[in-house]
Amino acid sequence: MAVRKSNTLLLLLVVMVLVVLVPTVRANIDTYDDYWKLRAKEAKLDALEAFDPSPGDVSHEVNQKVEKMIFGKNDTRRNLRGKRGRKRKNDGPCMATNPVDQCWRCRSNWAAHRKRLADCVIGFGRKTTGGKHGGYYFVTDPSDEDLVNPKPGTLRHAVIQPGPLWITFKNSMVIRLQEELIMTSNKTIDGRGVNVHIADGAGFTIQYIKNVIIHGIRIHDIVSKGGGTIRDSIDHFGTRTRSDGDGISIYGSSHIWIDHVAMWNCSDGLIDAIEGSTAITISNNHFSRHNDAMLFGASDTNTADAVLQVTLAFNHFGKKLIQRMPRCRWGFFHIVNNDYTHWEMYAVGGSANPTIISQGNRYRASPHQDPEHDTRQVTKRDYASEAEWSTWTWRSDGDVMLNDAYFIESGTPLWKTDFSRYEMIEAKPGTFVSELTRFTGALTCRSRSPC
């Protein structure tokens with residue numbers, strides 16, 4: 001009864017926030033015309049529909065999948081392996097080491113059945129289908145010369161097409177975006193089988209849309225761009241202001257899945273999710289060489305982000321990362337089975353009373369300590385006194401701490417919360433993180449061979 005009551009109150013709060021919200025930040029939209037007003041209105045309704053009033057159920061489902069894979073019927077180590085395929089130079093036989101990869105990676109016919117990938121997402125983004133219900137689009141041209149009338153065969157032309165679309169690449173290529181790439185709903189960007197870099201230009205803008213999958217590409221060295229006139233759909237273009245330089249900017253959007261992407265060295269964030277975005281899963285990615293890695297929630301005063309629900313699973317946070325892995329505001333964040341091998345300031349931070357459930361992660365503090373800052377601490381809370389943040393629900397459950405790393409918990413212990421009946425600790429063996437995150441980032445895949 002307590003669970004049902006608290007979830008109902010949470011849903012009512014989110015409804016109130018979305019109903020009264022008036023856009024105050026236009027996210028690089030210079031002319032906020034009727035097209036963008038309608039797109040924003042529809043996105044808010046989509047977010048309300050995507051919001052899950054029982055986030056513990058979603059977290060529990062993720063944990064069950066991990067537990068089933070690791071502690072299934074057979075020997076523990078054997079369950080971490082998928083079907084054996086052809087031996088490869090770098091990593092030997094195919095090994096699907098987590099439930100997302102087990103769903104598709106070790107099938108030799110993956111290229112003939114690319115859309116099976118859409119059935120593999122778990123967590124808050126679990127209902128994301130991307131372009132599954134549409135046709136294929138083959139990117140053949142890496143250029144990005146005409147922003148108002150994109151050339152057919154380019155990535156910019158692909159992402160503005162109406163309806164669902166599964167976008168693949170004919171060859172390996174480096175795409176230097178002249179300005180931010182503004183996507184439309186129901187798209188999958190699938191880089192498997194080739195080597196695709198989005199680099200040395202602008203990044204992705206997922207704004208007021210839904211149902212997007214980004215998989216198997218490398219995004220790096222993204223820079224801020226000056227803006228200008230850019231087409232954002234087949235029947236509309238408008239003027240944009242300067243972009244921030246994010247690798248992927250998720251703004252007021254829902255049902256988003258980012259999987260097996262390698263990201264590094266962007267001018268602003270690697271991934272930002274703000275302005276009422278929700279139903280997001282970020283999995284199997286490799287992050288490195290960056291300062292402000294991830295921002296979830298725009299500001300401490302923007303209550304639109306109360307709807308934020310994000311699953312961060314099986315990712316590797318690697319070399320030369322400094323902070324924000326992620327930094328959270330408002331919403332609910334399930335951080336599960338990630339490998340944190342480097343941070344210079346902190347790993348997980350936040351403000352404005354976010355709920356953060358950290359389970360089965362491996363946190364390895366840097367051996368090089370700053371005498372003025374204790375970098376062994378995983379967590380960082382901003383803009384709140386201890387009397388205030390001590391009530392926030394930040395719990396560490398089954399995490400492995402190395403090099404004297406420590407997580408400062410707060411709020412009600414899990415076993416006393418609404419989540420207690422899910423027994424989430426049982427499914428999170430942090431000692432298995434090295435296996436669960438063994439194949440992060442963009443994979444080297446070949447047709448007719450396990451990936």
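**View 1. Helix H2 and its buried side.** The residues of H2 that count as buried are Trp 36, Arg 39, Ala 40, Ala 43, Lys 44, Asp 46, Ala 47 and Ala 50. Buried here means under 20% relative accessible area, exposed means over 50%, and partly exposed lies in between (1.4 Å probe, protein chains only). Seen down the axis of H2, these buried residues fall within an arc of 165°, so they line one face of the helix; the arc is that of the directions from the helix axis to the C-beta atoms. Turned away from that buried side, the other face of H2 carries the exposed residues Asp 34, Lys 41, Leu 45 and Glu 49. Helix H2 runs over residues 34–50, and its 17 residues should span 24 Å at 1.5 Å a residue, which agrees with the 24 Å between its end C-alpha atoms. The expected span is 1.5 Å times one less than the number of residues in the helix. Helices (H or I, at least four residues) and strands (E, at least two) are DSSP runs, numbered from the N terminus.

A quick note before the next views: this is a predicted model, in which local features need pLDDT of at least 70 and side-chain atom pairs count only at pLDDT 80 or more, while totals for chains, interfaces and linings use all residues. Residues are numbered from 1 along each chain as its sequence is written, and side-chain values use heavy atoms, with hydrogens and water left out.

**View 2. The whole chain.** The protein chain has eight helices and 31 strands. Of its 451 residues, buried ones make up 60%. Take the contacts between residues at least 6 apart in sequence: 66% of them join residues at least 24 apart. Contact means heavy atoms within 4.5 Å.

**View 3. Helix H3 and its buried side.** Helix H3 covers residues 55–70, and its 16 residues reach 23 Å from the first C-alpha to the last, close to the 22 Å expected at 1.5 Å a residue. Pro 55, Gly 56, Val 58, Ser 59, Val 62, Asn 63, Val 66, Met 69 and Ile 70 are the buried residues of H3. They cover an arc of only 165° around the axis, which puts them on the same side of H3.

**View 4. Two disulfides.** The structure holds two disulfides, each a pair of cysteine sulfur atoms within 2.5 Å. One of them joins Cys 103 and Cys 120, with sulfur atoms 2.1 Å apart. The torsion about the S-S bond of Cys 103 and Cys 120 is about -70°, so this disulfide is left-handed. Cys 103 and Cys 120 each lie in the loop between helix H5 (99–102) and strand S1 (135–139), so the pair ties together parts that are 17 residues apart in sequence. Both Cys 103 and Cys 120 are buried. Cys 445 and Cys 451 also form a disulfide, their sulfur atoms 1.6 Å apart. Cys 445 counts as buried at 6% relative accessibility, and Cys 451 counts as buried at 1%.

**View 5. Nonpolar cores.** A nonpolar core is a set of buried Ala, Val, Leu, Ile, Met, Phe, Trp, Tyr and Cys residues joined through side-chain atoms within 4.5 Å. The largest one has 65 residues, of which Leu 155, Ile 198, Phe 204, Ile 248, Tyr 340 and Tyr 363 touch the most other members. Leaving aside neighbours within four places in sequence, Leu 155 is in contact with Val 139, Asp 141, Ile 167, Phe 169, Ile 175, Leu 181, Ile 189, Ile 198 and Phe 204. A second, separate core of 25 residues includes Ala 118, Cys 120, Ile 122 and Leu 443.

**View 6. Aromatic pairs.** A search of the whole structure finds twelve aromatic pairs. Rings of Phe, Tyr and Trp (its six-membered ring) pair if their centres lie within 6.5 Å; planes under 30 degrees apart count as stacked, over 60 as edge-to-face and the rest as tilted. Tyr 35 and Trp 36 form an edge-to-face pair, 5.5 Å centre to centre with 80° between the planes. Tyr 35 is partly exposed at 22% relative accessibility, whereas Trp 36 is buried, with a relative accessible area of 1%. The ring centres of Tyr 208 and Tyr 251 are 5.4 Å apart and their planes stand at 80°, so this pair is edge-to-face. Tyr 208 lies in the loop between strand S7 (204–207) and strand S8 (210–215) and Tyr 251 in strand S12 (residues 248–251), so the pair ties together parts that are 43 residues apart in sequence. Ring pairs also link Phe 287, Phe 317, Tyr 340, Trp 343, Tyr 363 and Phe 407 into a cluster.
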